[in-house]
Amino acid sequence: MPEIVVGAGRIRLVQGDIVQAKTDAIVNAANASLAGGGGVDGAIHRAAGPELYELTRPFGGCATGSAVITGAGRIPLPTRFIVHAVGPRYSTARDAECAALLRSAHEVSLRLCEEKAVESVAFPAISTGVYGFPIARAAPIALQAAMEHLKAGERSVKRVVFVLFTPADLQVFSEALASLGQG
Ligand code: ADP
């Protein structure tokens with residue numbers, strides 16, 4: 001299981017279903033309406049139950065590149081929070097802008113975890129499904145955001161887990177982590 005130590009924290013990569021992550025917080029790849037959808041969003045909403053819609057509704061949506069945090073509905077402890085992060089829809093013509101938005105979706109998610117004193121958080125590969133972000137391009141952006149957050153010190157977040165859905169996606173993240181870890 002690939003893992004690196006960063007400052008006082010760790011980044012770990014696993015393959016599986018993020019609903020089973022057993023971290024204090026789970027990040028959802030939400031859309032701007034926060035009204036639910038397919039992919040990881042569908043899986044999280046199914047596990048958390050209809051009350052998750054009640055928790056997101058007051059926000060009235062979320063800007064791309066940002067995130068909101070709610071309770072975890074019926075997802076069992078230790079998971080107490082769901083972070084609804086809105087990554088960009090990828091377009092080659094706007095690659096740099098998409099990269100910045102993907103990065104900020106991760107940064108805001110991690111900041112929200114700090115506000116709730118979260119120690120462990122699981123991310124899916126945001127934007128790499130229906131939103132079409134090439135995973136080999138997304139992986140170093142996501143990993144770098146996590147590394148920089150952990151490096152800053154005095155963080156409540158000590159463990160960031162990326163839960164990749166397929167072995168191929170885990171492989172891409174593992175290679176990106178290996179090359180960033182050496183840098
Ligand atoms: P987006 O709209 O941000 O692209 P998707 O849900 O379509 O969101 O896909 C994001 C990533 O989440 C993809 O890599 C997809 O394979 C993965 N994924 C789908 N279901 C799950 C799940 N239950 N746990 C973890 N990752 C998942």
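**Exercise 1. Describe how strand 3 is covered, and find which strands pair with strand 3.**

Solution. Strand 3, which runs over residues 25-30, is mostly covered, since 5 of its 6 residues are buried; strands here are DSSP runs of E of at least two residues and helices are runs of H or I of at least four, both numbered from the N terminus, while buried means under 20% relative accessible area, exposed over 50% and partly exposed in between, with a 1.4 Å probe and protein chains only. The model is a predicted one, in which local features need pLDDT of at least 70, side-chain atom pairs count only at pLDDT 80 or more, and totals for chains, interfaces and linings use all residues. Residues are numbered from 1 along each chain as its sequence is written, and side-chain values use heavy atoms, with hydrogens and water left out.

Next, look at the pairing, for which DSSP must find at least two bridges between two strands. Strand 3 pairs with strand 5 (residues 81-86) in the parallel sense over 6 bridges, and Ala25 has Phe81 of strand 5 as its bridge partner. Strand 3 also pairs in the parallel sense with strand 6 (residues 120-123), over 2 bridges, where the partner of Ile26 is Ala122.

**Exercise 2. Work out why Asn28 counts as buried, and list what it touches.**

Solution. Begin with the location: Asn28 lies in strand 3. Asn28 counts as buried because its relative accessibility is 0%.

Then turn to its surroundings, taking contact as heavy atoms within 4.5 Å. Apart from neighbours within four places in sequence, Asn28 is in contact with Val40, Asp41, Ile44, His45, Ile82, Val83, His84 and Ala85. With Asp41 there is also a polar contact between the two side chains, at 2.8 Å; such a contact is a pair of N or O atoms within 3.5 Å, where within protein one must be able to donate a hydrogen and the other to accept it, and residues adjacent in sequence count only if both atoms are side-chain atoms.

**Exercise 3. Check the span of helix 4 against its number of residues, and name buried residues in it.**

Solution. The expected span is 1.5 Å times one less than the number of residues. Helix 4 (residues 135-151) has 17 residues and should therefore span 24 Å, which agrees with the 24 Å between its end C-alpha atoms. Among the buried residues of helix 4 are Ile135, Ala138, Ile141 and Leu150. Just after helix 4, Gly153 takes a positive phi of about 80°.
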